[in-house]
Amino acid sequence: MRLTRRGFLSLTGPVMAPAPPPSILVHEHVLVDFIGAEKIGPGRYDENTVFALVNPKLQELVKLGCRRFQECTPNFIGRAPRLLKRLADASGLEIWTNTGLYAARNHLFLPGWAKQESAEALAKRWAAEYRNGVDGMKPRFIKIGVNRGPLHELDRKIVRAAALCSNETGLTIASHTGNGLAAREQLDILLAARTKPEKFVWVHADGEKDHNFHREIGKAGAWVEFDHIGPTEGSLAWHLDCVQFMEKQGLLGRTLISQDAGYYKPGEPNGGAWKDYTHLYTKFVPKLSARQRDILLWENPRAAFG
Ligand SMILES: [Zn+2]
């Protein structure tokens, strides 16, 4: 009989460490294929190879308390629901995939038909994916991408399609956003379509160095996501500064954090350089209070995405 760390008497063998607090990673990737919408297709990578590489990395996350992993790779840039489902089943980690299209990088990842179709038609396609699932997996959020503001007409159309799809399905929109101006412009498009601001997540808000935009978008009721936490120089100081700024503004409840980490890149030797999933847990979370951690990694992700 031994006294455990929590002070309980253990009668049954080895003492277990306390379970890590639950968390959700809102913006990560398993695989991204940068070949472009015109050249992408099956056979660009071996699924078993990617599975064998990524599965242990997801199992590591489970041990750190991660309960949900939101895979943010859109269609035509490497979305792989069949692979994700396999990984979820094997690792025990809940993995979410998305619907939507990525217009950033000057529309390289938009197929020709998406350039022609109306916002209404695109929204219908995405809502159908939500209802019917894709390769056995139901998209649980809308992921789009836009270039820097002022937004191109095609970018504006993709945003409006996301708004219409969100209105129909209730799904939250996470948008890869070039800068603060583009965030503001997107929010205007959503509001004009009568989409509630809390359905919008400004992805890569940490790429905008002017905190005034973070305050503006958070105060408007949308989510501000600082999602490049990682080993790059200056990340720790900048991302702590972002969190502290939002907290001072009373906007911690509108703030999300993640790493944009991973990911296997077809066409590169062994999938290219890998950005570690555990950095946030080992290097960033220890700098937060328990309360901040629970808000940023558990309460807010559930409030933002359900
Ligand atoms: Zn990303």
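**Close-up views of two parallel sheets**

View 1. Trp 202 stands opposite Val 224 in E10. Strand E9 (residues 200-203) and strand E10 (residues 223-226) pair in the parallel sense, over two bridges. Strands pair if DSSP finds at least two bridges between them. Strands (E, at least two residues) and helices (H or I, at least four) are DSSP runs, numbered from the N terminus. This is a predicted model: local features need pLDDT of at least 70, side-chain atom pairs count only at pLDDT 80 or more, and totals for chains, interfaces and linings use all residues. Residues are numbered from 1 along each chain as its sequence is written.

**View 2. The six-strand sheet.** This open sheet has the order E6-E7-E8-E9-E10-E11, with parallel pairing. E6 (98-99) and E11 (255-257) stand at the edges. Each has a single partner strand, so one side of each is left without a neighbour in the sheet.

**View 3. The three-strand sheet.** Here the order is E3-E4-E5, again an open sheet with parallel pairing. The edge strands are E3 (23-28) and E5 (94-96). The twist averages 20° from one strand to the next. Four bridges join E3 to E4 (residues 66-71). Glu 28 has Glu 71 in E4 as its bridge partner.

**View 4. The chain start.** pLDDT (the predictor's confidence in each residue, from 0 to 100) stays under 50 over residues 1-10. For this stretch the model has 12 contacts beyond four places in sequence; a contact means C-beta atoms, placed from the backbone, within 7 Å. The mean pLDDT of the chain is 95.

Methods:
Contact = placed C-beta atoms within 7 Å. Axes fitted to C-alpha atoms, helices over the stretch in contact; angles between N-to-C directions.
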